[in-house]
Amino acid sequence: MESIPNEIILRFIAFLSSSDVWKLTSTCHNLRCILLPEVLRLVRLNSVSGALKFLDTFQDYNENNENVIFSHARRLHIRLPSIHKHSNLLASMLSLTGPNLLSISFQSIEPSSSEHTVIPFSLLRSRRHMRQIWISDLVLDSDSIVEFGALVRQNSELFELFLVDCELSHIDAELLGNALRDHRSLSSLMLWGNPIGRGIESICNAFDNKSALQTLDLSSTSLLEDDIAILSSWLGSNKTVETLYLSHLEITDNGARYLGESLRTNSVLKTLEMNSSIGDEVVHIFNGLRENQALVSLNISENEIGTDTGSFIANCLLVNKVLRELKMNGNYSATDCIAIFAPSLASNKTLQLLDLRFISMTTNTCDSLSKALKMNCSLQSLNLSSTSLNDESMNLISKSITECRSLSFIDFSKQSFSFDTFENLCRCLTHSNIQKLILCEVEMCNTRLITFFKTICTNDSKLEYLDLKKNKFDGLGVWTITDVNVGLIHCIDYLLINKQYGQFHVLHQ
(Lines give C-alpha, C1' and ligand atoms only; values in the text may rest on other atoms or scores of the structure.)
Protein backbone atom coordinates (compact mmCIF):
# COMPACT_ATOMS: atom_id res chain seq x y z
CA MET A 1 0.00 0.00 0.00
CA GLU A 2 2.70 2.50 0.94
CA SER A 3 4.40 2.02 -2.40
CA ILE A 4 1.38 3.39 -4.28
CA PRO A 5 1.71 7.11 -5.07
CA ASN A 6 -0.56 9.28 -2.93
CA GLU A 7 -2.18 11.08 -5.85
CA ILE A 8 -3.28 7.83 -7.48
CA ILE A 9 -4.80 6.63 -4.22
CA LEU A 10 -6.70 9.88 -3.76
CA ARG A 11 -8.17 9.69 -7.22
CA PHE A 12 -9.21 6.14 -6.45
CA ILE A 13 -10.77 7.11 -3.12
CA ALA A 14 -12.72 9.95 -4.66
CA PHE A 15 -15.06 7.47 -6.32
CA LEU A 16 -15.63 5.27 -3.27
CA SER A 17 -18.21 5.61 -0.53
CA SER A 18 -16.78 6.42 2.88
CA SER A 19 -17.42 2.86 4.10
CA ASP A 20 -15.22 1.63 1.27
CA VAL A 21 -12.63 4.22 2.22
CA TRP A 22 -12.69 2.81 5.74
CA LYS A 23 -12.02 -0.70 4.44
CA LEU A 24 -9.12 0.61 2.41
CA THR A 25 -7.56 2.73 5.14
CA SER A 26 -7.97 0.06 7.83
CA THR A 27 -5.48 -2.13 5.96
CA CYS A 28 -2.84 0.55 6.00
CA HIS A 29 -0.69 1.16 9.10
CA ASN A 30 0.46 4.58 7.97
CA LEU A 31 -2.67 6.61 7.31
CA ARG A 32 -0.64 9.61 6.24
CA CYS A 33 0.47 7.82 3.09
CA ILE A 34 -3.16 7.95 1.96
CA LEU A 35 -4.31 11.30 3.29
CA LEU A 36 -1.33 13.58 3.30
CA PRO A 37 -2.50 17.22 3.54
CA GLU A 38 -0.63 18.25 0.41
CA VAL A 39 -2.55 15.80 -1.79
CA LEU A 40 -5.99 15.76 -0.14
CA ARG A 41 -8.39 17.64 -2.40
CA LEU A 42 -11.76 15.88 -2.10
CA VAL A 43 -13.59 14.26 0.81
CA ARG A 44 -16.79 12.46 -0.19
CA LEU A 45 -19.00 10.86 2.47
CA ASN A 46 -21.97 8.76 1.40
CA SER A 47 -22.91 6.78 4.52
CA VAL A 48 -23.35 7.59 8.19
CA SER A 49 -21.38 4.61 9.48
CA GLY A 50 -18.59 5.30 7.02
CA ALA A 51 -18.46 8.95 8.02
CA LEU A 52 -18.25 8.09 11.73
CA LYS A 53 -15.50 5.55 11.07
CA PHE A 54 -13.73 8.13 8.97
CA LEU A 55 -13.76 10.63 11.84
CA ASP A 56 -12.78 8.08 14.50
CA THR A 57 -9.85 6.92 12.39
CA PHE A 58 -8.23 10.36 12.46
CA GLN A 59 -9.17 11.39 16.00
CA ASP A 60 -5.83 10.42 17.56
CA TYR A 61 -3.82 11.85 14.69
CA ASN A 62 -5.74 15.10 14.81
CA GLU A 63 -5.09 15.66 18.53
CA ASN A 64 -1.47 16.55 17.81
CA ASN A 65 -2.04 17.89 14.31
CA GLU A 66 -5.15 20.02 14.61
CA ASN A 67 -6.89 20.68 11.30
CA VAL A 68 -4.06 19.04 9.37
CA ILE A 69 -6.04 16.21 7.78
CA PHE A 70 -8.72 18.41 6.21
CA SER A 71 -6.89 21.71 6.15
CA HIS A 72 -5.97 21.34 2.48
CA ALA A 73 -9.27 19.82 1.37
CA ARG A 74 -10.78 21.79 -1.51
CA ARG A 75 -14.15 20.03 -1.73
CA LEU A 76 -16.36 18.43 0.91
CA HIS A 77 -19.34 16.42 -0.30
CA ILE A 78 -21.67 15.07 2.40
CA ARG A 79 -24.44 12.86 1.03
CA LEU A 80 -26.22 10.93 3.77
CA PRO A 81 -29.60 9.26 4.35
CA SER A 82 -31.84 11.14 6.82
CA ILE A 83 -29.22 13.85 7.06
CA HIS A 84 -31.54 15.92 9.30
CA LYS A 85 -30.88 13.39 12.09
CA HIS A 86 -27.12 13.87 12.09
CA SER A 87 -26.46 17.49 13.03
CA ASN A 88 -23.64 16.47 15.38
CA LEU A 89 -21.92 14.59 12.61
CA LEU A 90 -22.21 17.62 10.33
CA ALA A 91 -20.74 19.82 13.03
CA SER A 92 -17.80 17.44 13.45
CA MET A 93 -17.12 17.40 9.73
CA LEU A 94 -17.32 21.17 9.32
CA SER A 95 -15.03 21.78 12.30
CA LEU A 96 -12.28 19.77 10.60
CA THR A 97 -12.23 21.80 7.40
CA GLY A 98 -9.61 24.46 6.84
CA PRO A 99 -9.44 27.87 5.16
CA ASN A 100 -8.65 26.28 1.78
CA LEU A 101 -12.19 24.90 1.40
CA LEU A 102 -13.60 25.99 -1.97
CA SER A 103 -16.70 23.84 -2.40
CA ILE A 104 -19.15 22.21 -0.01
CA SER A 105 -22.20 20.07 -0.71
CA PHE A 106 -24.97 18.76 1.56
CA GLN A 107 -27.43 16.31 0.08
CA SER A 108 -29.95 13.91 1.55
CA ILE A 109 -30.10 10.56 -0.24
CA GLU A 110 -33.74 10.08 0.73
CA PRO A 111 -36.63 12.26 -0.49
CA SER A 112 -36.97 15.58 1.29
CA SER A 113 -38.24 15.24 4.86
CA SER A 114 -40.52 17.77 6.51
CA GLU A 115 -38.17 17.76 9.51
CA HIS A 116 -35.77 20.69 9.67
CA THR A 117 -32.04 20.14 9.31
CA VAL A 118 -29.69 22.10 11.51
CA ILE A 119 -26.48 22.82 9.63
CA PRO A 120 -23.99 24.78 11.77
CA PHE A 121 -22.86 27.20 9.07
CA SER A 122 -21.28 29.35 11.77
CA LEU A 123 -18.41 26.83 11.87
CA LEU A 124 -17.49 27.93 8.35
CA ARG A 125 -17.09 31.62 9.13
CA SER A 126 -13.34 31.48 8.71
CA ARG A 127 -13.71 30.00 5.20
CA ARG A 128 -13.75 33.16 3.13
CA HIS A 129 -12.70 31.78 -0.25
CA MET A 130 -15.53 29.39 -1.02
CA ARG A 131 -16.55 29.25 -4.67
CA GLN A 132 -19.48 26.81 -4.64
CA ILE A 133 -22.19 25.83 -2.12
CA TRP A 134 -24.71 23.11 -2.97
CA ILE A 135 -27.60 22.14 -0.68
CA SER A 136 -30.35 19.82 -1.93
CA ASP A 137 -33.28 17.83 -0.53
CA LEU A 138 -32.97 19.44 2.92
CA VAL A 139 -35.37 21.60 4.89
CA LEU A 140 -33.29 24.19 6.73
CA ASP A 141 -34.43 25.65 10.03
CA SER A 142 -34.65 29.43 10.44
CA ASP A 143 -31.39 29.71 12.43
CA SER A 144 -29.51 27.79 9.73
CA ILE A 145 -30.88 30.12 7.08
CA VAL A 146 -29.72 33.19 9.02
CA GLU A 147 -26.25 31.66 9.49
CA PHE A 148 -26.21 30.67 5.84
CA GLY A 149 -26.93 34.26 4.83
CA ALA A 150 -23.97 35.44 6.91
CA LEU A 151 -21.77 32.81 5.25
CA VAL A 152 -22.81 33.99 1.79
CA ARG A 153 -22.17 37.64 2.61
CA GLN A 154 -18.62 37.03 3.83
CA ASN A 155 -17.61 34.89 0.82
CA SER A 156 -16.95 37.55 -1.77
CA GLU A 157 -15.55 34.96 -4.22
CA LEU A 158 -18.66 32.73 -4.22
CA PHE A 159 -19.80 32.20 -7.81
CA GLU A 160 -22.21 29.21 -7.67
CA LEU A 161 -25.05 28.75 -5.18
CA PHE A 162 -27.42 25.78 -5.43
CA LEU A 163 -30.43 25.59 -3.09
CA VAL A 164 -32.50 22.80 -4.63
CA ASP A 165 -35.67 21.33 -3.10
CA CYS A 166 -35.07 22.99 0.27
CA GLU A 167 -38.68 24.18 0.68
CA LEU A 168 -37.61 27.79 0.99
CA SER A 169 -40.60 30.05 1.64
CA HIS A 170 -41.06 33.67 0.57
CA ILE A 171 -39.69 34.70 3.98
CA ASP A 172 -36.59 32.57 3.44
CA ALA A 173 -36.20 34.11 -0.01
CA GLU A 174 -36.28 37.58 1.55
CA LEU A 175 -33.50 36.60 3.97
CA LEU A 176 -31.49 35.15 1.09
CA GLY A 177 -32.10 38.23 -1.05
CA ASN A 178 -30.82 40.51 1.71
CA ALA A 179 -27.69 38.35 2.04
CA LEU A 180 -27.05 38.50 -1.70
CA ARG A 181 -27.63 42.21 -2.06
CA ASP A 182 -24.65 43.87 -3.75
CA HIS A 183 -22.84 40.53 -4.08
CA ARG A 184 -20.39 41.05 -6.92
CA SER A 185 -19.08 37.55 -7.72
CA LEU A 186 -22.11 35.21 -7.74
CA SER A 187 -22.74 34.11 -11.33
CA SER A 188 -25.17 31.18 -10.81
CA LEU A 189 -28.16 31.04 -8.47
CA MET A 190 -30.22 27.84 -8.65
CA LEU A 191 -33.46 27.86 -6.64
CA TRP A 192 -35.22 24.93 -8.32
CA GLY A 193 -38.02 23.33 -6.29
CA ASN A 194 -38.51 26.05 -3.65
CA PRO A 195 -41.98 27.63 -3.24
CA ILE A 196 -40.60 31.15 -2.85
CA GLY A 197 -43.61 32.80 -4.55
CA ARG A 198 -43.64 36.52 -3.81
CA GLY A 199 -40.13 36.24 -2.40
CA ILE A 200 -38.99 36.69 -6.03
CA GLU A 201 -39.07 40.45 -5.46
CA SER A 202 -36.27 40.22 -2.87
CA ILE A 203 -34.24 37.98 -5.19
CA CYS A 204 -34.57 40.42 -8.09
CA ASN A 205 -33.77 43.44 -5.92
CA ALA A 206 -30.58 41.75 -4.78
CA PHE A 207 -29.04 41.92 -8.24
CA ASP A 208 -28.52 45.19 -10.03
CA ASN A 209 -26.71 45.64 -13.33
CA LYS A 210 -23.36 45.73 -11.57
CA SER A 211 -23.76 42.17 -10.33
CA ALA A 212 -22.11 39.13 -11.93
CA LEU A 213 -25.28 37.00 -12.07
CA GLN A 214 -25.48 35.12 -15.39
CA THR A 215 -27.61 32.04 -14.63
CA LEU A 216 -30.87 32.04 -12.66
CA ASP A 217 -33.02 28.94 -12.13
CA LEU A 218 -36.55 29.64 -10.91
CA SER A 219 -38.12 26.35 -11.99
CA SER A 220 -40.82 24.92 -9.70
CA THR A 221 -40.81 28.02 -7.50
CA SER A 222 -44.61 28.52 -7.35
CA LEU A 223 -44.53 31.91 -9.05
CA LEU A 224 -47.98 33.41 -9.53
CA GLU A 225 -49.07 35.99 -12.08
CA ASP A 226 -48.05 38.96 -9.92
CA ASP A 227 -44.68 37.32 -9.24
CA ILE A 228 -44.11 36.86 -12.98
CA ALA A 229 -44.92 40.54 -13.44
CA ILE A 230 -42.20 41.49 -10.93
CA LEU A 231 -39.70 39.15 -12.58
CA SER A 232 -40.53 40.46 -16.05
CA SER A 233 -40.14 44.09 -15.02
CA TRP A 234 -36.69 43.29 -13.64
CA LEU A 235 -35.75 41.17 -16.67
CA GLY A 236 -36.67 43.88 -19.15
CA SER A 237 -33.82 46.11 -17.99
CA ASN A 238 -31.40 43.47 -16.68
CA LYS A 239 -27.94 43.58 -18.26
CA THR A 240 -26.28 40.46 -16.83
CA VAL A 241 -28.46 37.32 -16.83
CA GLU A 242 -27.82 35.18 -19.91
CA THR A 243 -29.63 31.95 -18.89
CA LEU A 244 -33.06 31.79 -17.26
CA TYR A 245 -34.94 28.62 -16.27
CA LEU A 246 -38.70 28.96 -15.82
CA SER A 247 -39.76 25.31 -16.08
CA HIS A 248 -42.58 23.58 -14.20
CA LEU A 249 -44.56 26.72 -13.53
CA GLU A 250 -48.15 27.63 -14.37
CA ILE A 251 -47.70 30.72 -16.50
CA THR A 252 -50.99 32.43 -17.31
CA ASP A 253 -51.85 34.44 -20.40
CA ASN A 254 -51.00 37.70 -18.61
CA GLY A 255 -47.83 36.18 -17.20
CA ALA A 256 -46.70 35.18 -20.70
CA ARG A 257 -47.60 38.66 -21.94
CA TYR A 258 -45.38 40.23 -19.26
CA LEU A 259 -42.48 37.97 -20.21
CA GLY A 260 -42.96 38.67 -23.90
CA GLU A 261 -42.81 42.41 -23.30
CA SER A 262 -39.59 42.02 -21.29
CA LEU A 263 -38.01 40.12 -24.20
CA ARG A 264 -38.63 43.09 -26.48
CA THR A 265 -36.25 45.23 -24.45
CA ASN A 266 -33.86 42.67 -22.92
CA SER A 267 -30.52 42.71 -24.72
CA VAL A 268 -28.48 40.01 -22.95
CA LEU A 269 -30.62 36.90 -22.27
CA LYS A 270 -29.39 34.10 -24.53
CA THR A 271 -31.14 30.98 -23.20
CA LEU A 272 -34.71 30.65 -21.95
CA GLU A 273 -36.17 27.33 -20.80
CA MET A 274 -39.90 26.97 -20.16
CA ASN A 275 -40.52 23.22 -19.96
CA SER A 276 -43.95 22.17 -18.70
CA SER A 277 -44.93 25.75 -17.95
CA ILE A 278 -47.09 27.13 -20.69
CA GLY A 279 -49.64 26.34 -23.42
CA ASP A 280 -50.78 28.47 -26.31
CA GLU A 281 -49.96 31.49 -24.13
CA VAL A 282 -46.47 31.02 -25.58
CA VAL A 283 -47.62 33.18 -28.52
CA HIS A 284 -46.70 36.21 -26.40
CA ILE A 285 -43.15 34.89 -26.10
CA PHE A 286 -42.82 34.60 -29.87
CA ASN A 287 -44.30 38.08 -30.30
CA GLY A 288 -41.60 39.41 -28.00
CA LEU A 289 -38.92 37.54 -29.91
CA ARG A 290 -39.84 39.30 -33.13
CA GLU A 291 -38.01 42.35 -31.78
CA ASN A 292 -35.50 40.57 -29.56
CA GLN A 293 -31.85 40.74 -30.62
CA ALA A 294 -30.23 38.47 -28.05
CA LEU A 295 -31.99 35.14 -27.37
CA VAL A 296 -30.32 32.25 -29.21
CA SER A 297 -31.99 29.24 -27.53
CA LEU A 298 -35.65 28.71 -26.60
CA ASN A 299 -36.85 25.50 -24.94
CA ILE A 300 -40.63 25.09 -24.78
CA SER A 301 -40.66 21.31 -24.40
CA GLU A 302 -43.42 19.23 -22.81
CA ASN A 303 -46.08 21.89 -22.94
CA GLU A 304 -49.55 21.91 -24.49
CA ILE A 305 -48.86 23.93 -27.59
CA GLY A 306 -51.62 23.61 -30.18
CA THR A 307 -52.37 24.53 -33.78
CA ASP A 308 -53.05 28.24 -33.17
CA THR A 309 -49.45 28.86 -32.11
CA GLY A 310 -48.07 27.89 -35.53
CA SER A 311 -48.65 31.25 -37.23
CA PHE A 312 -46.98 33.15 -34.36
CA ILE A 313 -43.90 30.92 -34.56
CA ALA A 314 -43.83 31.42 -38.35
CA ASN A 315 -44.03 35.22 -38.04
CA CYS A 316 -41.22 35.13 -35.48
CA LEU A 317 -38.94 32.96 -37.63
CA LEU A 318 -39.51 35.22 -40.63
CA VAL A 319 -38.17 38.34 -38.88
CA ASN A 320 -36.00 37.13 -35.98
CA LYS A 321 -32.27 37.22 -36.86
CA VAL A 322 -30.67 35.63 -33.78
CA LEU A 323 -32.61 32.54 -32.63
CA ARG A 324 -30.50 29.43 -33.30
CA GLU A 325 -32.17 26.70 -31.24
CA LEU A 326 -35.87 25.85 -30.95
CA LYS A 327 -36.70 22.86 -28.75
CA MET A 328 -40.33 21.72 -28.87
CA ASN A 329 -40.06 18.04 -27.95
CA GLY A 330 -42.94 16.52 -26.04
CA ASN A 331 -45.65 18.84 -27.35
CA TYR A 332 -47.81 15.92 -28.36
CA SER A 333 -50.56 17.91 -30.06
CA ALA A 334 -48.27 20.23 -32.03
CA THR A 335 -48.18 18.37 -35.37
CA ASP A 336 -50.52 20.86 -37.11
CA CYS A 337 -48.62 23.71 -35.48
CA ILE A 338 -45.41 22.43 -37.12
CA ALA A 339 -47.13 22.14 -40.49
CA ILE A 340 -48.08 25.83 -40.23
CA PHE A 341 -44.68 27.24 -39.25
CA ALA A 342 -42.51 24.84 -41.28
CA PRO A 343 -42.69 26.91 -44.53
CA SER A 344 -41.01 29.82 -42.72
CA LEU A 345 -37.88 27.65 -42.39
CA ALA A 346 -37.36 27.97 -46.12
CA SER A 347 -36.30 31.61 -45.79
CA ASN A 348 -34.99 31.57 -42.21
CA LYS A 349 -31.19 31.96 -42.17
CA THR A 350 -30.34 31.63 -38.48
CA LEU A 351 -32.06 28.60 -36.92
CA GLN A 352 -29.53 25.78 -36.53
CA LEU A 353 -31.27 23.26 -34.24
CA LEU A 354 -34.86 22.04 -34.30
CA ASP A 355 -35.99 19.41 -31.77
CA LEU A 356 -39.35 17.78 -32.53
CA ARG A 357 -39.06 14.57 -30.51
CA PHE A 358 -42.21 12.84 -29.23
CA ILE A 359 -44.56 14.67 -31.59
CA SER A 360 -46.61 12.38 -33.84
CA MET A 361 -45.90 13.74 -37.31
CA THR A 362 -48.59 13.33 -39.95
CA THR A 363 -47.76 12.94 -43.63
CA ASN A 364 -49.03 16.47 -44.26
CA THR A 365 -46.69 17.85 -41.59
CA CYS A 366 -43.70 15.92 -43.00
CA ASP A 367 -44.52 17.16 -46.50
CA SER A 368 -44.54 20.77 -45.27
CA LEU A 369 -41.30 20.23 -43.36
CA SER A 370 -39.50 18.46 -46.22
CA LYS A 371 -40.34 21.23 -48.71
CA ALA A 372 -38.91 23.81 -46.33
CA LEU A 373 -35.76 21.78 -45.68
CA LYS A 374 -34.97 21.71 -49.40
CA MET A 375 -34.80 25.51 -49.38
CA ASN A 376 -33.18 25.97 -45.96
CA CYS A 377 -29.49 26.88 -45.74
CA SER A 378 -28.90 27.18 -41.98
CA LEU A 379 -30.39 24.18 -40.13
CA GLN A 380 -27.66 21.85 -38.85
CA SER A 381 -29.44 19.57 -36.37
CA LEU A 382 -32.88 17.95 -36.65
CA ASN A 383 -34.30 15.55 -34.03
CA LEU A 384 -37.23 13.42 -35.20
CA SER A 385 -36.96 10.66 -32.62
CA SER A 386 -40.28 9.06 -31.60
CA THR A 387 -42.32 10.98 -34.16
CA SER A 388 -44.28 7.96 -35.54
CA LEU A 389 -43.10 8.44 -39.12
CA ASN A 390 -44.80 6.13 -41.62
CA ASP A 391 -43.10 5.00 -44.84
CA GLU A 392 -44.40 7.92 -46.90
CA SER A 393 -43.33 10.46 -44.29
CA MET A 394 -39.90 8.84 -43.93
CA ASN A 395 -39.33 8.95 -47.69
CA LEU A 396 -40.27 12.63 -47.79
CA ILE A 397 -37.78 13.53 -45.05
CA SER A 398 -35.09 11.25 -46.52
CA LYS A 399 -35.28 13.00 -49.87
CA SER A 400 -35.14 16.46 -48.27
CA ILE A 401 -31.91 15.77 -46.37
CA THR A 402 -30.09 15.31 -49.69
CA GLU A 403 -30.92 18.91 -50.62
CA CYS A 404 -30.49 20.59 -47.22
CA ARG A 405 -26.73 20.96 -47.47
CA SER A 406 -26.32 22.58 -44.05
CA LEU A 407 -27.88 19.62 -42.20
CA SER A 408 -25.18 17.52 -40.50
CA PHE A 409 -27.06 15.77 -37.64
CA ILE A 410 -30.34 13.88 -37.65
CA ASP A 411 -32.02 11.52 -35.18
CA PHE A 412 -34.53 8.96 -36.50
CA SER A 413 -34.66 6.82 -33.35
CA LYS A 414 -37.69 4.78 -32.28
CA GLN A 415 -39.26 4.49 -35.72
CA SER A 416 -40.63 1.53 -37.63
CA PHE A 417 -40.45 1.43 -41.43
CA SER A 418 -40.27 -1.09 -44.26
CA PHE A 419 -37.12 -2.50 -45.81
CA ASP A 420 -37.65 -0.50 -49.03
CA THR A 421 -37.96 2.71 -47.01
CA PHE A 422 -34.82 1.78 -45.11
CA GLU A 423 -32.90 1.23 -48.34
CA ASN A 424 -34.10 4.59 -49.63
CA LEU A 425 -32.85 6.26 -46.45
CA CYS A 426 -29.44 4.62 -46.93
CA ARG A 427 -29.19 5.87 -50.51
CA CYS A 428 -30.24 9.39 -49.51
CA LEU A 429 -27.66 9.47 -46.74
CA THR A 430 -24.87 8.81 -49.22
CA HIS A 431 -25.85 11.98 -51.10
CA SER A 432 -26.29 14.14 -48.01
CA ASN A 433 -23.94 16.04 -45.73
CA ILE A 434 -25.07 14.11 -42.65
CA GLN A 435 -22.08 13.51 -40.37
CA LYS A 436 -23.86 12.30 -37.23
CA LEU A 437 -26.78 9.85 -37.40
CA ILE A 438 -28.84 8.31 -34.57
CA LEU A 439 -30.83 5.16 -35.38
CA CYS A 440 -31.61 3.68 -31.97
CA GLU A 441 -34.54 1.27 -31.61
CA VAL A 442 -35.47 1.11 -35.31
CA GLU A 443 -35.76 -2.70 -35.35
CA MET A 444 -32.53 -3.02 -37.34
CA CYS A 445 -31.72 -6.71 -37.90
CA ASN A 446 -28.53 -8.26 -39.30
CA THR A 447 -29.75 -7.91 -42.90
CA ARG A 448 -30.53 -4.22 -42.52
CA LEU A 449 -27.29 -3.60 -40.65
CA ILE A 450 -25.17 -5.12 -43.40
CA THR A 451 -27.24 -3.41 -46.11
CA PHE A 452 -26.73 -0.10 -44.37
CA PHE A 453 -22.95 -0.42 -44.24
CA LYS A 454 -22.66 -1.75 -47.78
CA THR A 455 -24.60 1.26 -49.07
CA ILE A 456 -22.79 3.81 -46.91
CA CYS A 457 -19.27 2.49 -47.34
CA THR A 458 -19.42 1.89 -51.09
CA ASN A 459 -20.46 5.49 -51.73
CA ASP A 460 -18.97 8.84 -50.87
CA SER A 461 -20.76 9.29 -47.53
CA LYS A 462 -19.91 12.11 -45.11
CA LEU A 463 -21.05 10.01 -42.12
CA GLU A 464 -18.58 10.04 -39.20
CA TYR A 465 -20.64 9.18 -36.11
CA LEU A 466 -23.30 6.47 -35.95
CA ASP A 467 -25.41 5.38 -32.95
CA LEU A 468 -27.22 2.05 -33.37
CA LYS A 469 -27.98 1.14 -29.77
CA LYS A 470 -30.96 -1.07 -28.82
CA ASN A 471 -31.55 -2.73 -32.18
CA LYS A 472 -32.22 -6.36 -33.15
CA PHE A 473 -28.96 -7.35 -34.82
CA ASP A 474 -26.77 -9.86 -33.01
CA GLY A 475 -23.09 -10.79 -32.75
CA LEU A 476 -22.96 -12.11 -36.31
CA GLY A 477 -24.07 -8.77 -37.73
CA VAL A 478 -21.61 -6.89 -35.52
CA TRP A 479 -18.80 -9.26 -36.52
CA THR A 480 -19.60 -8.77 -40.21
CA ILE A 481 -19.39 -4.98 -40.16
CA THR A 482 -16.37 -4.83 -37.83
CA ASP A 483 -14.31 -7.51 -39.59
CA VAL A 484 -11.30 -5.76 -41.06
CA ASN A 485 -11.21 -8.20 -43.98
CA VAL A 486 -14.78 -7.36 -44.95
CA GLY A 487 -13.95 -3.65 -44.88
CA LEU A 488 -17.41 -2.25 -44.23
CA ILE A 489 -16.51 0.06 -41.36
CA HIS A 490 -13.61 2.02 -42.76
CA CYS A 491 -15.64 5.20 -43.30
CA ILE A 492 -17.01 5.52 -39.74
CA ASP A 493 -14.95 7.23 -37.03
CA TYR A 494 -17.28 6.50 -34.10
CA LEU A 495 -19.76 3.67 -33.86
CA LEU A 496 -22.04 2.96 -30.89
CA ILE A 497 -23.64 -0.48 -30.92
CA ASN A 498 -25.14 -2.80 -28.37
CA LYS A 499 -24.92 -6.39 -27.23
CA GLN A 500 -28.09 -7.79 -25.71
CA TYR A 501 -29.43 -5.03 -23.46
CA GLY A 502 -26.41 -2.85 -22.82
CA GLN A 503 -23.97 -0.75 -24.77
CA PHE A 504 -21.44 -3.04 -26.46
CA HIS A 505 -18.50 -0.70 -26.93
CA VAL A 506 -17.24 2.31 -28.83
CA LEU A 507 -15.07 1.64 -31.84
CA HIS A 508 -12.62 4.31 -32.90
CA GLN A 509 -10.97 3.58 -36.21
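I started with Glu261, which is partly exposed at a relative accessible area of 45%. I take buried as under 20% relative accessible area, exposed as over 50%, and partly exposed as in between, with a 1.4 Å probe and protein chains only. The model is predicted: local features need pLDDT of at least 70 and side-chain atom pairs count only at pLDDT 80 or more, while totals for chains, interfaces and linings use all residues. I number residues from 1 along each chain as its sequence is written, and side-chain values use heavy atoms, with hydrogens and water left out.

I looked up the partner of Glu261 and found Arg264, the two side chains meeting in a salt bridge at 3.3 Å, N to O. A salt bridge here is a side-chain nitrogen of Lys or Arg within 4 Å of a carboxyl oxygen of Asp or Glu. By that rule I get 10 salt bridges. Side chains of opposite charge can pair when their charged atoms come close.

Both residues sit in helix H10 (residues 253-265), 3 residues apart, about one turn of the helix. I use DSSP runs for helices (H or I, at least four residues) and strands (E, at least two), numbered from the N terminus. An α-helix has 3.6 residues a turn, so residues three or four places apart point the same way.

Arg264 is partly exposed at 27% relative accessibility. I also find the side chain of Arg264 in a salt bridge with that of Glu291, at 2.5 Å, N to O. This pair links distant parts of the chain, with Arg264 in H10 and Glu291 in the loop between H11 and strand E12 (297-299), 27 residues apart. Glu291 is partly exposed, with a relative accessible area of 47%.

I next looked up a network of salt bridges and found Asp182, Arg184 and Asp208 linked in one. In the bridge between Asp182 and Arg184, the closest N and O atoms are 3.9 Å apart. Asp182 is partly exposed at 48% relative accessibility, and Arg184 is partly exposed at 39%.

From Asp208 I went to Ser211, where a polar atom of the Ser211 side chain lies 3.0 Å from the backbone oxygen of Asp208. I place Ser211 in the loop between helix H8 (200-205) and strand E9 (215-217). Is Ser211 buried or exposed? Ser211 counts as buried, at 9% relative accessibility. Apart from neighbours within four places in sequence, Ser211 is in contact with His183, Arg184 and Thr240, contact meaning heavy atoms within 4.5 Å.

**Helix H12**

I listed the buried residues of helix H12 (residues 310-319) as Gly310, Ile313, Ala314, Cys316 and Leu317. They are on the same side of H12, because they cover an arc of only 165° around the axis. I take the arc from the directions between the helix axis and the C-beta atoms. These buried residues pack against helix H11 (283-289), strand E13 (325-327) and helix H13 (335-341).

**Phe159**

I find Phe159 in the loop between helix H6 (142-154) and strand E7 (160-164). Phe159 is partly exposed, with a relative accessible area of 31%. Not counting residues up to four places away in sequence, Phe159 touches Arg131, Ser185, Leu186, Ser187 and Ser188. I also noted that the C-alpha atoms of Phe159 and Gln132 are separated by 6.3 Å, with the two residues 27 apart along the chain.

**Positive phi**

I checked two residues other than glycine for phi. Ser386 has a positive phi near 55°; Ser386 lies in the loop between strand E15 (381-383) and helix H15 (391-401). Ser386 is buried, at a relative accessible area of 15%. Lys414 has a positive phi of about 55° and lies in the loop between strand E16 (409-411) and helix H16 (419-430). Lys414 is partly exposed, with a relative accessible area of 43%.

**Whole chain**

How many helices and strands does the chain have? I count 18 helices and 20 strands. Of the 509 residues, 55% count as buried. Of the contacts with a separation of 6 or more, 84% are between residues 24 or more positions apart.

Definitions and conventions. A polar contact is a pair of N or O atoms within 3.5 Å; within protein, one must be able to donate a hydrogen and the other to accept it, and residues adjacent in sequence count only if both atoms are side-chain atoms.
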